[in-house]
Amino acid sequence: MQEKIDTYINSILKDIKHPTEELVYFVEPFFTYSYYEIKVNDIIVRQKYYTNNNPYENFTSINNALNSKGKQKLSFIAYPSKETTFQSNDNIDIDISTIDKFRNTETIYSYEAPINEDELSEFIGLESYKSSFEFEAKLPYKKVIDWSDSENLKEQKNIEKEVLEAYKEIMNLYADGDIDNLLKLYKPIFQDEAQSVYATAEKKSRLLYELNLKRMYPFFYKSIPTLDNNYELKFYANGKLVTLEKKKENPLSYSKSALSIVYNKDLDVFPETFNIEEEEYLVADKGLVPQKQMEIYIMFHKPKGSNKLELATDVFREEILLNGVE
């Protein structure tokens, strides 16, 4: 198994392009006392629904959300977190910047909210504020999965039925522990993510963004998949991507996938390539098998001219331990 995983990872890394600068694009929001959601090309790249008075948030890489056409669009919605309306000392600014492999940074676009006739930012006094802007960004590589020209799924009949069928197929792979087909299914996603950070065998991360191989952890076991009945069909990328999310009771809450899995993580068969958490060792020392739960947040697209949904991308969420010991 160890050899299979090493071969698989090397097959991903061997095709990574390494242009001279290796640019990573990122968004830097400067919001005071605000909850917000930021999208690039109608794909969520950052959500903040907790109280934090520091407006200088960590930047977020957006390479995976960029299209190949060069012109990109950022949109956001913000809500005041301290008062019921935005106040005169509140701030909503956003920078789009780049950083190269030599750690040189450059701001390529800065957004400030327009000023109204009272010489105040136009969001002052509002209970929420939406805005958007366009910027130029050219990826120095070609994506394996480029959904920018895919079919508009909002316009298709029976799309919910098709999505449920696609979920069922993937749930069966997890339930059977079908590692070969899971590795095949996710390989284009790993390739695009590895390319977005210009990964090498020695270095699989850039900044706060990384080739996250933790997605593989459940592949080695049979899982119990659960699709929440209280789901809703959600479209992203202007209708090019579709997923199933849990319905939100509160709009000011994080988006969650309707699909999750639970599996027993037998440490004896877990590949040496990956780290075992200390809390998992503690469970094993008690003679138990760590039971893990992972949210499977997947999105599908239909390539132009195709009549079948294909896995396009995912949002990785850290797994949690269900039977921890003190």
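A residue is called buried when its relative accessible area is under 20%, exposed when over 50%, and partly exposed in between (1.4 Å probe, protein chains only). The model is predicted, so local features need pLDDT of at least 70 and side-chain atom pairs count only at pLDDT 80 or more, while totals for chains, interfaces and linings use all residues. Residues are numbered from 1 along each chain as its sequence is written, and side-chain values use heavy atoms, leaving out hydrogens and water.

Aromatic contacts make a friendly place to begin. Rings of Phe, Tyr and Trp (its six-membered ring) pair if their centres lie within 6.5 Å; planes under 30 degrees apart count as stacked, over 60 as edge-to-face and the rest as tilted. By this rule there are 23 aromatic pairs. In one of them, the centres of F123 and Y129 are 5.6 Å apart with planes at 55°, so this pair is tilted. Both F123 and Y129 are buried, and both belong to one aromatic cluster whose members include F31, Y36 and F76.

The rings of Y221 and Y263 have centres 5.4 Å apart and planes at 20°, so they are stacked. Y221 has a relative accessibility of 7% and therefore counts as buried; Y263, at 1%, is buried too.

Charges also meet rings here. A charge sits over a ring if NZ of Lys or CZ of Arg is within 6 Å of the ring centre and within 35 degrees of the ring normal. The charged end of K82 sits over the ring of Y33, 4.5 Å from its centre, and K143 lies over the face of W147, at 4.8 Å from the ring centre.
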